[in-house]
Amino acid sequence: MKHESPEARLIREQERYIRVLEEQLDVCKEQLKAQELLIEEQNQALALFAEAFREEGE
């Protein structure tokens with residue numbers, strides 16, 4: 001059985017850690033997109049509510 005050198009093992013572990021971080025970054029990007037869409041929808045709803053409120057006051 002061939003043993004891995006400490007340097008090779010460290011590199012392999014670091015590469016695995018980088019892949020995990022990249023996956024987490026992708027998830028964060030997707031969450032940010034979803035939050036941006038939600039904020040946009042909320043802004044549209046608030047604009048409609050404000051318009052209806054103004055019309056009611058006239």
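**Figure 1. Accessible surface of the protein chain in the predicted model.** The accessible surface comes to about 6,000 Å². Carbon and sulfur atoms account for 58% of this area. Of the 58 residues of the chain, 0% count as buried.

**Figure 2. Overall dimensions and secondary structure of the protein chain.** The secondary structure comprises 1 helix and 0 strands. The radius of gyration is 25 Å, well over the 10 Å that the globule rule gives for 58 residues, so the chain is more spread out than a compact globule. Taken along the principal axes, the box filled by the C-alpha atoms is roughly 85 × 15 × 5 Å.

**Figure 3. Charged side chains of the protein chain.** The chain carries 8 positive and 15 negative side chains. The centres of these two sets are 16 Å apart. The count of salt bridges comes to 2.

**Figure 4. Close-up of the salt bridge between Arg-12 and Glu-4.** The side chains of Arg-12 and Glu-4 meet at an N to O distance of 2.9 Å. Arg-12 is partly exposed, with a relative accessible area of 42%. Glu-4 is likewise partly exposed, at 41%.

**Figure 5. Close-up of the salt bridge between Glu-13 and Arg-9.** The N to O distance between the side chains of Glu-13 and Arg-9 is 3.1 Å. Both residues belong to helix α1, which spans residues 6-57. Glu-13 and Arg-9 are 4 residues apart, about one turn of the helix.

Methods:
Residues are numbered from 1 along each chain as its sequence is written. This is a predicted model: local features need pLDDT of at least 70, side-chain atom pairs count only at pLDDT 80 or more; totals for chains, interfaces and linings use all residues. Side-chain values use heavy atoms; hydrogens and water are left out. A salt bridge is a side-chain nitrogen of Lys or Arg within 4 Å of a carboxyl oxygen of Asp or Glu. Buried means under 20% relative accessible area, exposed over 50%, partly exposed in between (1.4 Å probe, protein chains only). Helices (H or I, at least four residues) and strands (E, at least two) are DSSP runs, numbered from the N terminus. The radius of gyration is taken over C-alpha atoms; the globule rule is 2.2 Å times the number of residues to the power 0.38. Accessible areas come from the Shrake-Rupley method with a 1.4 Å probe; for residues, only the protein chains shown count as cover. Lys and Arg count as positive and Asp and Glu as negative; His and the chain ends are not counted. The place of a charge is taken as NZ of Lys, CZ of Arg, CG of Asp or CD of Glu.
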